Amino acid sequence: MYDVFFLTQGEPNSESNLRRLQTKTPVKVVSNVKGYFNAHKACADQSSTEFFYVVDADAWIVDDFEFTHSPEEERVHVWRSINPLNNLRYGHGAVKLFPVSAFDRLEPPID
């Protein structure tokens, strides 16, 4: 089992989405960190496992999703999500599984 982080900036429905996520798995909350890289790096710094999941606060986890993936490679894994406005499936806003070690090698973007 890998750590699961919930990233929030106070989005609408974030509280109900967090409560739903907590029914599926233990969750660590990271809030109000500016920038995607910095937020993901904050998760990596707090992770106690070699990989960690990231769930964005505006994501509603479907009933059959399970946080049980065991990666064979040290790479980022992205699940497709369903856009509720147009029903398209793609990776934007999806659940992600990151290797902690990736953040040892990456530099933050220059503003």
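## Strand E3 and its partners

Strand E3 and strand E7 (residues 96–99) pair in the antiparallel sense over four bridges; two strands count as paired if DSSP finds at least two bridges between them. Helices (H or I, at least four residues) and strands (E, at least two) are DSSP runs, numbered from the N terminus. The model is predicted: local features need pLDDT of at least 70, side-chain atom pairs count only at pLDDT 80 or more, and totals for chains, interfaces and linings use all residues. Residues are numbered from 1 along each chain as its sequence is written, and side-chain values use heavy atoms, with hydrogens and water left out.

## Burial of E3

Strand E3 (residues 51–56) is mostly covered, with six of its six residues buried; buried means under 20% relative accessible area, exposed over 50%, and partly exposed in between (1.4 Å probe, protein chains only). In a regular strand the side chains alternate between the two faces of the sheet. In E3, Phe51, Tyr53 and Val55 point one way, while Phe52, Val54 and Asp56 point the other way, and all are buried.

## The sheet and its helices

The open sheet has five strands in the order E2-E1-E3-E7-E4, with mixed pairing. Strand E2 (28–31) and strand E4 (77–78) stand at the edges; each has a single partner strand, so one side of each is left without a neighbour in the sheet.

Helix H1 packs on the sheet and touches E1, E2 and E3, its direction making about 170 degrees with that of E1. Helix H2 (residues 36–46) also packs on the sheet, touching E1, E2, E3 and E7, and its direction makes about 150 degrees with that of E1. Contact means heavy atoms within 4.5 Å. Axes are lines fitted to C-alpha atoms, for helices over the stretch in contact, and angles run from 0 to 180 degrees between N-to-C directions.

## Aromatic pairs

The structure holds 10 aromatic pairs. The rings of phenylalanine 52 and phenylalanine 103 have centres 5.9 Å apart and planes at 40 degrees, so this pair is tilted. Rings of Phe, Tyr and Trp (its six-membered ring) pair if their centres lie within 6.5 Å; planes under 30 degrees apart count as stacked, over 60 as edge-to-face and the rest as tilted. Because phenylalanine 52 lies in strand E3 and phenylalanine 103 in helix H3 (residues 102–105), the pair ties together parts that are 51 residues apart in sequence. Phenylalanine 52 counts as buried at 0% relative accessibility, and phenylalanine 103 does so at 6%.

Phenylalanine 65 and phenylalanine 67 form an edge-to-face pair, 4.8 Å centre to centre with 75 degrees between the planes; both residues are buried. Ring pairs also link Phe5, Phe37, Phe52, Phe98 and Phe103 into a cluster.

## Positive phi in two loops

Most residues other than glycine have a negative phi. Asparagine 13, although not a glycine, has a positive phi of about 70 degrees. This asparagine is found in the loop between E1 and helix H1 (14–22) and is exposed, with a relative accessible area of 58%.

Asparagine 87, likewise not a glycine, has a positive phi of about 65 degrees. Asparagine 87 is placed in the loop between strand E5 (81–82) and strand E6 (89–90), and is exposed with a relative accessible area of 56%.
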